[in-house]
Amino acid sequence: MHAKFSYFCGMILTDTHTHIYSESFVEDQDLMMQRAIESGVLRFFVPAIDSSYTNAMYDIEARYPDHVFLMMGLHPTHVKENYQEELQHVEQQLEKRLSISSDKTFYAVGEIGIDLYWDKTFLKQQKEAFQYQIRLAKKYKLPIVIHCRDAFQEIFDVLALEKDDDLFGIFHCFTGTIEDAQRAIGYNMKLGIGGVVTFKNGKIDQFLNQIPLEHIVLETDSPYLAPTPYRGKRNESSYLLNVAEKLSDIYQKPLEEIAAITTKNSKDIFGI
């Protein structure tokens, strides 16, 4: 009921981080998109992973040009032996689509960062790739979208080197402490809040109301990290409504206000 209600009431939700081109959606991608749009999710910001996904990203952008907005970058878990070739691909795609003659664009460099959860083998290369891509973002006056897992200090060390007026963006899937949150905000980052805020052991729900809503954007990170009551299942952008409802409870504000403020915040970051 409430999915269609929110759509027809004109409430616009923005999913600032969703992998809608993922293999997880091969069989029902259009149905998934329709469910999200009917739930009021009208803006989908789509992060890159590596060059093997670029064509799939362009394909969904072509099919939903009024709703889908792309990023370009190299995901830290895909920083491997060939990372320099992958960074070249990122740079070439940015240059091609951000040139004067192109009618297409990117809205961020992402997702980029450091991930030490799965493998620490390429930490040095991850740091190098992160800093390199931050500088690409600055070159094109774009925000960055940060992936951080078990690497807050390493992320902040790189941000400290690059801190200036041209550094801004989103700390995607924020799961840190209130001190981490304040530190991220100090680097001109919005906090990307997704399904974790609905988890009983997610912890961020315990302090989030101390962070002004102007610093918050919504995300799903679909197909990962589905919110309660879908935890453990495939996530999708229509479930952003569950995240927004949780924030409505945390901030004691109407759902429509949560949608309006977080969508405005996404426009401040992405410029659209």
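The structure described here is a predicted model. Both strand 4 (109-115) and strand 5 (144-149) supply at least two lining residues each. The lining of the largest pocket comprises 25 residues, and those nearest the pocket centre are His147, Arg149, Cys173, Asp221 and Leu225. Sorted by class, the lining holds 10 nonpolar, nine polar and six charged residues. The volume of the largest pocket is about 690 Å³.

In soluble globular proteins, nonpolar side chains tend to be buried together. The largest nonpolar core in the model consists of 80 residues, and Leu159, Phe171, Leu191 and Leu247 have the most contacts inside it. Helix 8 (residues 240-251) provides seven residues, the largest share of this core. When neighbours within four places in sequence are left aside, Leu247 is in contact with Ile193, Val197, Leu208, Leu213, Ile216, Leu218, Gln252 and Ile258. Another core, of 10 residues, lies apart from the largest one and includes Phe69, Met71, Val145 and Phe270.

Helix 3 (residues 54-63) was examined for the arrangement of its buried and exposed residues. Its buried residues are Thr54, Met57, Tyr58, Ile60 and Glu61. Viewed down the axis of helix 3, these buried residues fall within an arc of 165° and therefore line one face of the helix. The exposed residues Asn55 and Ala62 are carried on the face turned away from the buried side of helix 3. The packing partners of the buried residues of helix 3 are helix 2 (29-38), strand 2 (41-46), strand 3 (68-70) and helix 4 (83-97).

Key. Residues numbered from 1 in each chain as written. Predicted model: local features only at pLDDT ≥ 70, side-chain atom pairs only at ≥ 80, totals over all residues. Heavy atoms only, no water. 1 Å grid on protein atoms, 1.4 Å probe; cavity = no way out; pocket = protein on both sides within 12 Å on 5 of 7 lines; lining within 4 Å. Points joined across faces, edges and corners; volume = space filled by probe spheres on them. Helix = DSSP H or I, 4+ residues; strand = E, 2+ residues; numbered from the N terminus. Nonpolar A, V, L, I, M, F, W, Y, C, P; charged D, E, K, R; others polar. Core = buried A, V, L, I, M, F, W, Y, C linked by side-chain atoms within 4.5 Å. Buried < 20%, exposed > 50% of the residue type's maximum accessible area, 1.4 Å probe, protein only. Contact = heavy atoms within 4.5 Å. Arc of directions from axis to C-beta.
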